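Visitor: Please put the model up, and then I will ask about some of its side chains.

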Amino acid sequence: MSQFAINMLFVGGSFAIYIAIAIWSRAASTKEFYVAGGGVHPVVNGMATAADWMSAASFISMAGIISAGGYANSTYLMGWTGGYVLLAMLLAPYLRKFGKFTVPQFIGDRFYSSSARMVAVICLILTSVTYVIGQMTGAGVAFSRFLEVSSNTGLIIAAVVVFFYAVLGGMKGITYTQVAQYVVLIIAYTIPAIFISLQLTGNPIPPLGLFSDHVSGTPLLAKLDSVVRELGFQDYTADVPNKLNMTLFTLSLMIGTAGLPHVIIRFFTVPKVADARWSAGWALVFIATLYLSAPAVAAMARLNLLTTIYPSGAEQASIRYDERPDWIKNWEATGLIKYEDKNADGRIQYYNDVPAFKETASARGGAGNELTVNNDIIVLANPEIANLPSWVVGLIAAGGLAAALSTAAGLLLAISSAVSHDLIKGWFKPNISDRGELLAARISMAVAIVVATWLGMNPPGFAAQVVALAFGIAAASIFPALMLGIFSKRVNSAGAVAGMLAGLISTLVYIFIYLGWFFIPGTANLANTPDNWLFGISPLSFGAVGAIINFAVALGVSAVTAPPPVEIQHLVESVRYPRGAGAASDH
């Protein structure tokens, strides 16, 4: 059986399961559409939350970006993990106690203001739309290789599949589909990791293999350091020089994570506050299964890639282009690997093309780096690089698509809920019927899918970077409002609105200055380089600064304006002491 047929079998089979689940669990009411009826078991919700969490950025792009940057990019891993702990400890139980359908509804009721609710809707949509770009981009990368279609065609296929099970089933369908997707993606991630760890170190446990000896007898990380150093790259385990930026970036990911609306609404689907806590615990267990393997996958993929190009060492001749392995040919067809023979020797020159390495490269006959490898392919190409069986390649194809589609569905539901429940029902048409609201939710999700597909075809960066921008926006706008809403009785509606706007606008302006206004190419005011960053703070790290601005403005404005009504202060006290909660409601 051909590799294409195997890929189709795995991908097609998983898609059939997702659509069957959606038909079986079709949402018949707004409560089922928004919160799956509020009766999801904590273990099931934990697994669904893990699938929601482990997006294309986690499955496809995180290992790729760590592989490319080494220890310096472990901030993604630490920030996302730490953020989940913040969410589980500081937000999830309290928001479940409040018992509403959406994050903007909590903000609107807590700050007794429809304006606050609308600002929260804007923040939520900006966060979710930016985040969903990364998921659709990741889906396009996976489809383009494994189904042998263009990235744009792959995006359209992904959109159709998500449309089927998300629009039809809502949160109810998404929940049980995400359970199936978690099983697919975790098997797809860990099996290749085990194979590769065995090949390179003889240890079947990837996290332990990372710190084991390479089959050559040298510690794996020491060997990787020597290989990348010989090709002009900094040591894989090198420390980060800009500690301020690293700290702010990690913090931005952490608090942005805790403010992600599509993850928060998962905790509205369980019956009780205690179940929300248990869901968070189970989700952390399920997430750790992948996250503990990611650094090993990243390091081993980098080593495999470099030793494929330089089988006899960096100082010896590289492989000839016409003798390149099939996996390079396969990924070249997608445009995600590009080769240019700059010195016309017919060999692949791959090194860090920087001035400091130019003399060494020239002595070896190099006229510039000739191979460009997209970071997003590292995990997906890993089985092929390591010559693993064809069925493993098919499995990881299904896993990559499961990761992208699971999070995309959760994000689209968050957008749909904000539009139908908070915008239409909460603002334009308060007396809309349950049936009318359900129809509005489905239409708004369909529109969101179309917009997300178009944005996925024109992304401002690769998946992990785009996702990091979404976390920055959530960090600067949503997280401070939720924290102050739960833990401060003094913050009022004026303070909350001013804080959210200040955090959001300052963060967006800073991002747009370096990445282009509204991400339109050619509109950036400054080049996105460390020399141009304010105090060395990257646009990806500015979310933490935006959050500080949000907190300061919200507290400052609240201090000079009237305190919240007494009943709101009592509401805050009741939320802070979660001794039980009723079902999620829409009023």
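Visitor: How many Å, N to O, lie between the side chains of Asp326 and Lys329 in their salt bridge?

Guide: This is a predicted model, where local features need pLDDT of at least 70 and side-chain atom pairs count only at pLDDT 80 or more, while totals for chains, interfaces and linings use all residues. Residues are numbered from 1 along each chain as its sequence is written, and side-chain values use heavy atoms, with hydrogens and water left out. A salt bridge puts a side-chain nitrogen of Lys or Arg within 4 Å of a carboxyl oxygen of Asp or Glu. For Asp326 and Lys329 the N to O value is 3.9 Å.

Visitor: Which helix holds both Asp326 and Lys329?

Guide: Helices are DSSP runs (H or I, at least four residues), numbered from the N terminus. The two residues are three apart, about one turn of the helix, and the element that holds them is H15, residues 326-332.

Visitor: Is Asp326 buried or exposed?

Guide: Buried means under 20% relative accessible area, exposed over 50%, and partly exposed in between (1.4 Å probe, protein chains only). Lys329, at 36%, is therefore partly exposed. Asp326 has 53%, so Asp326 is exposed.

Visitor: Which residue forms a salt bridge with Asp239?

Guide: Side chains of opposite charge can pair when their charged atoms come close. Asp239 is partly exposed at 47% relative accessibility. The closest N and O atoms are 3.1 Å apart, and the partner is Lys243.

Visitor: Which residue caps the N-terminal end of H11?

Guide: The contact is polar, that is, a pair of N or O atoms within 3.5 Å; within protein, one must be able to donate a hydrogen and the other to accept it, and residues adjacent in sequence count only if both atoms are side-chain atoms. A side-chain oxygen lies 3.3 Å from the backbone nitrogen of Leu244, and the residue that supplies this oxygen is Asn242.

Visitor: The side chain of Thr201 reaches the backbone oxygen of which residue?

Guide: Thr201 is in helix H8 and is buried at 14% relative accessibility. The side chain of Thr201 also reaches the backbone nitrogen of Asn203 at 3.1 Å. The backbone oxygen, reached at 2.7 Å, belongs to Ser197.
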